[in-house]
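Hi,

Here is the structure I promised to pass on to you. Have a look at it first, and then read my notes below.

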Amino acid sequence: METIIIIVFLAGYLAITLEHNLKIDKLIPALAMMAILWAIIALAHMPVFEVNAELRELEPTHIDEILLHHLGKTAEILVFLLGAMTIVEIIDYFDGFATIKGYIRTKSKRKLLWLFSILAFILSAIIDNLTATIVLVTILQKVINDRQTRLWFAGMIIVAANAGGAWSPIGDVTTTMLWIANKVSAGQLVIHVLIPSIVCMIVPTLIAGGKKAFSGEIDGTFEDNAPKSRFGATMLYLGLGAIVFVPFFKTITHLPPYVGMMLSLAVVATFAEIYSGTKFSISNADGDDHDTAGHHSPVHHSLSKIELPSILFFLGILLAVAALESLGMLFHYAGSLNAAIPNTDIVVMLFGVGSAVIDNVPLVAASMGMFSEPMDNPLWHFIAYSAGTGGSMLIIGSAAGVVAMGMEKIDFFWYLKKIAWLAMVGFVAGAIAFVLMRDFVLHG
């Protein structure tokens with residue numbers, strides 16, 4: 001039965017990668033694959049397990065319990081994303097991103113590449129790589145008219161955002177997992193991973209800057225940069241501030257991040273409703289004027305603009321991978337990999353490559369069950385770096401990539417051909433920097 005499980009997973013994954021060729025939205029095979037995998041497990045009465053990280057073993061459990069467990073973990077991520085996406089759409093409703101667009105004065109593609117890469121790197125460490133990508137692709141759509149040029153920029157934003165998220169405990173789901181599980185402390189994570197992450201961002205950006213795609217100037221316009229609403233700047237700073245507030249809320253209350261995100265959304269939505277009562281007209285992203293003193297609620301409008309297919313895709317892919325994890329497949333795969341390759345650096349780098357193909361969350365979960373090293377051992381920092389940045393090598397290898405794929409309709413194979421090798425060069429360069437720092441500077 002395990003062979004059938006693997007065949008179904010590979011077939012579903014292939015259908016996702018061939019989305020544009022098959023002309024079927026990727027959420028359809030993702031949801032079908034998830035449902036079929038769990039149906040096979042249930043009908044065949046296959047044993048399911050939960051990974052005990054402390055004892056480094058699999059503990060038998062019931063299918064209802066493990067499915068509810070994985071649904072809960074997935075729902076935490078999805079509700080968090082819904083909150084972040086809604087806040088971003090509310091900011092956009094008030095044309096708040098025009099405030100940032102107003103600071104962009106250069107038309108040089110090369111200068112813009114560095115500007116967006118640095119912004120992605122910094123923002124992703126503060127508001128996580130997914131939200132940073134949403135924000136920057138939204139700005140990108142307002143600054144650059146040519147779609148082919150936008151695709152290149154979006155690809156480089158994914159690489160920079162994933163690099164920026166790797167060194168911050170709130171920058172990526174996997175680093176947050178390691179942080180919550182007391183495998184890394186925030187301070188040591190920054191000390192060990194910041195410089196390798198910078199290398200991972202700078203090297204691909206330097207190489208890309210020399211390519212024809214980034215030569216010359218953009219055809220975007222810089223006229224009328226002022227927000228069309230006088231509350232645009234206020235909503236931008238309020239919205240970003242509300243997202244930044246989430247990790248502080250989590251630290252104080254020890255509640256999951258989605259709780260803080262819902263509070264932040266409530267605060268931002270309250271101000272949006274108050275401001276929308278003032279008589280002024282906003283022109284939204286589609287160019288439609290709507291009188292906010294009328295019947296249009298900014299919150300309802302923003303919720304209707306959310307990329308729901310991406311949310312459903314996440315649901316399908318995360319629960320599909322959870323099926324493999326529940327059968328103990330990922331745990332045994334990680335264990336056999338560790339036995340076959342005694343060099344842990346190579347194993348961890350293979351985790352990075354694997355995170356581009358399979359979601360990095362279960363891979364990191366499996367690694368926490370594989371290794372019993374103490375808190376802040378360099379191994380955990382290397383896992384944080386590899387899992388965070390390795391996903392850039394495929395468009396569907398990271399949350400940032402999936403969202404950018406949805407927002408810009410990026411083709412899987414276009415990304416594989418144009419961006420994947422740049423991401424791989426950056427990943428390897430950063431890994432070398434990490435090993436050199438660890439062996440000769442920090443623990444020499």
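Is Thr 174 buried or exposed? At 0% relative accessibility, Thr 174 counts as buried, where buried means under 20% relative accessible area, exposed over 50% and partly exposed in between, with a 1.4 Å probe and protein chains only.

Before the rest, a word on the source: this is a predicted model, in which local features need pLDDT of at least 70 and side-chain atom pairs count only at pLDDT 80 or more, while totals for chains, interfaces and linings use all residues. Residues are numbered from 1 along each chain as its sequence is written, and side-chain values use heavy atoms, with hydrogens and water left out.

Back to Thr 174, which belongs to helix H9 (residues 173–180); helices (H or I, at least four residues) are DSSP runs numbered from the N terminus. Its side chain makes a polar contact of 2.4 Å with that of Asp 172. Such a contact is a pair of N or O atoms within 3.5 Å; within protein, one must be able to donate a hydrogen and the other to accept it, and residues adjacent in sequence count only if both atoms are side-chain atoms. Leaving aside residues up to four places away in sequence, Thr 174 touches Asn 360, Val 361, Val 364, Ala 387 and Gly 388 (contact means heavy atoms within 4.5 Å).

On to the rings. The whole structure holds 16 aromatic pairs, meaning rings of Phe, Tyr and Trp (its six-membered ring) with centres within 6.5 Å; planes under 30 degrees apart count as stacked, over 60 as edge-to-face and the rest as tilted. One of them is Phe 94 with Tyr 275, edge-to-face at 6.5 Å centre to centre and 80° between the planes. Phe 94 sits in the loop between helix H4 (63–93) and helix H5 (98–101) and Tyr 275 in helix H12 (residues 257–276), so this pair ties together parts 181 residues apart in sequence. Phe 94 is buried at 0%, and Tyr 275 is buried at 16%. Tyr 275 also pairs with Phe 271: the centres are 6.1 Å apart and the planes at 55°, so that pair is tilted.

Finally, the charged end of Lys 250 sits over the ring of Trp 179, 4.7 Å from its centre (NZ of Lys or CZ of Arg within 6 Å of the ring centre and within 35 degrees of the ring normal).

Best wishes

Definitions and conventions: Helix = DSSP H or I, 4+ residues; strand = E, 2+ residues; numbered from the N terminus.
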